[in-house]
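Q: Could you walk me through how to read a few features of a model, starting with burial?

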Amino acid sequence: MKVKNLIIGAGPCGLGAGYKLKENNNDDFLILERENCAGGLSRSFITDEGYLFEIGGHVHFSEDATYLDAISNVFGKENIFFHERRAYVYMDSYFVDYPFQSNLEQVRDKRILDNKVDENLKVQNFHDWLNKTFGDKVCEIFMTPYNSKVWSHSLEDMSFEWIEKRVATPVERKTKSWGPNSHFFFPKKGGTGAIWNSFAKYIGVEKIKYNTSVISIDLENKKVTTDNNLIIEFENLLNTTPLINLVKYANLKIDHQDLKFNSLYCLGLGIEGKAPKKIEDKSWIYFPGKAPFYRMTVLSNYSNNNTPNDHCYSLLLEMTSSNKEIDTIELENMALAYLEEEGFIENRESIQSKWSFQSKFAYPIPTLGRNENLKEINRTLDKYSIKSKGRFGAWKYELGNQDHCFMQGYNWAKDV
C-alpha cells in the first residue's frame, strides 16, 4: 500500500491535518488510529446511567480564527453552549478566586502577610521562577504544593521558558478574566468527543483506519508496519503519538532521557440530588491541599445533557502520578472521603454512577534538558520527511491545548 501523506493518530492534531488536506482537495492521505474512534485524549464517554465524562477537564477556547472557523464549519455554533469561566482554588475550607496570585486578599492564612520576594535570586528552574515571581509565602501556601501535585515531578528539574499564558504573573493581577480560557465553549450534547467525531466524519471514514497501531518504521525505505500486518509506503509522515514511541518504532539511536512525562487517573462521579450550593455555579476548582486530586470539574454545569436528568450532578476528579502504577482503589477511597468531609457530596450512597480512566501519558514535562533533546531528535526526523506534532508528538505542554494541536496538524498539511 502506498500513500503520499501518512498520519499517525486521529487526535486533534491528526484531524487538523486531515481537515486541511480535505480542504485542499488533497485526497492522497491516510490516518492510522489505534483506538476504535477519533479524539485521542479528547474523547468522551457516557456511562450506562447516562452520565458523560472525559479524560480531563476539557474546554474549548482559542484566539485562532482558523480553528474557531473550522469548528463552526464542521460542528456548528448552534450545537455549543458558551460559558464564562468560574474557576476557584479550594483551601480545604474556603474558596479563593482564580488566579490565586491575583486574589491574595482573600487568603486567610496569616503567613501571606509576610510574603517576601528575593530580588537577588538567580532563576535557574521553575521552582526558582515561582519564588522570585510570587514570593516565599505564596509559594509555600499554594504554588509549590499545587504544582508539585500537578506535575508529580521535581520543580527544580523543570524549565520556566514555557510559562507565557500558562501562569498569571503579578503584573496581571486584579484581572479575574486573565487567560485565554476566561470564556470557553462546550458541546450541548456528546461532550468534547462529539467535536472530534464530527471532524472524523467530515474527513471521511475511508481516510481513517481504526484499531491500527504502528509497530515499526523503516526510515530508509519510508515504510510503516502495523500490528494488523499492513505495510504502508509514504512520502511524508506526520506523527502525533508520543515522541518517545516514535523513537522506538524507528529504532533511533538517540537518548531521550530528558523527555519526561506524568500519568493521569480520572474519576468521574454521577451523584443523585441537587449540587451543593458551594459548587452550583462553578466551572472547575484547583486543590493545593490535602485532597488527592489537583482539579475537580463540575461537568454538570457545562451542559444539562451531561447528566441523565436535572435532579443530579456530576464531578470529574484528576490525579497524576510519576509514571508509577496507580493504586486506584486507595485513590478512590481517599477522594470519596475528602468529598464527604468537605461537603461536595452528601454521602457515598448518593453516587449513582462511577467512571474511571487511566492514561499513561498526561502532561509532557518541560524539563531543563528537553529542548536540546528535541532538537537532536527532530534534526534526524527531518532527514526522512517526518514531522512530530501535537501535545506529545511535539512534546511541548505549552503547545498542548486542543487548538494548538489542531493547528499544528493544519499547518503541516499546508506544506505537503
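Q: Is Ile7 buried or exposed?
A: Buried means under 20% relative accessible area, exposed over 50%, and partly exposed in between (1.4 Å probe, protein chains only). Ile7 has a relative accessible area of 0%, so this residue is buried. Ile7 belongs to strand β1, residues 2-8, where strands (E, at least two residues) and helices (H or I, at least four) are DSSP runs numbered from the N terminus. The model is predicted: local features need pLDDT of at least 70, side-chain atom pairs count only at pLDDT 80 or more, and totals for chains, interfaces and linings use all residues. Residues are numbered from 1 along each chain as its sequence is written, and side-chain values use heavy atoms, with hydrogens and water left out.

Q: How many disulfides does the structure hold?
A: A disulfide is a covalent bond between the sulfur atoms of two cysteines. The criterion here is a pair of cysteine sulfur atoms within 2.5 Å, and the structure holds 0 disulfides.

Q: Where is Glu119 placed, and is Glu119 buried or exposed?
A: Glu119 sits in the loop between β7 (95-97) and α3 (126-134). With a relative accessible area of 58%, Glu119 is exposed.

Q: What separates the C-alpha atoms of Ile7 and Ile195?
A: The C-alpha atoms of Ile7 and Ile195 are separated by 19 Å, and the two residues are 188 residues apart along the chain.
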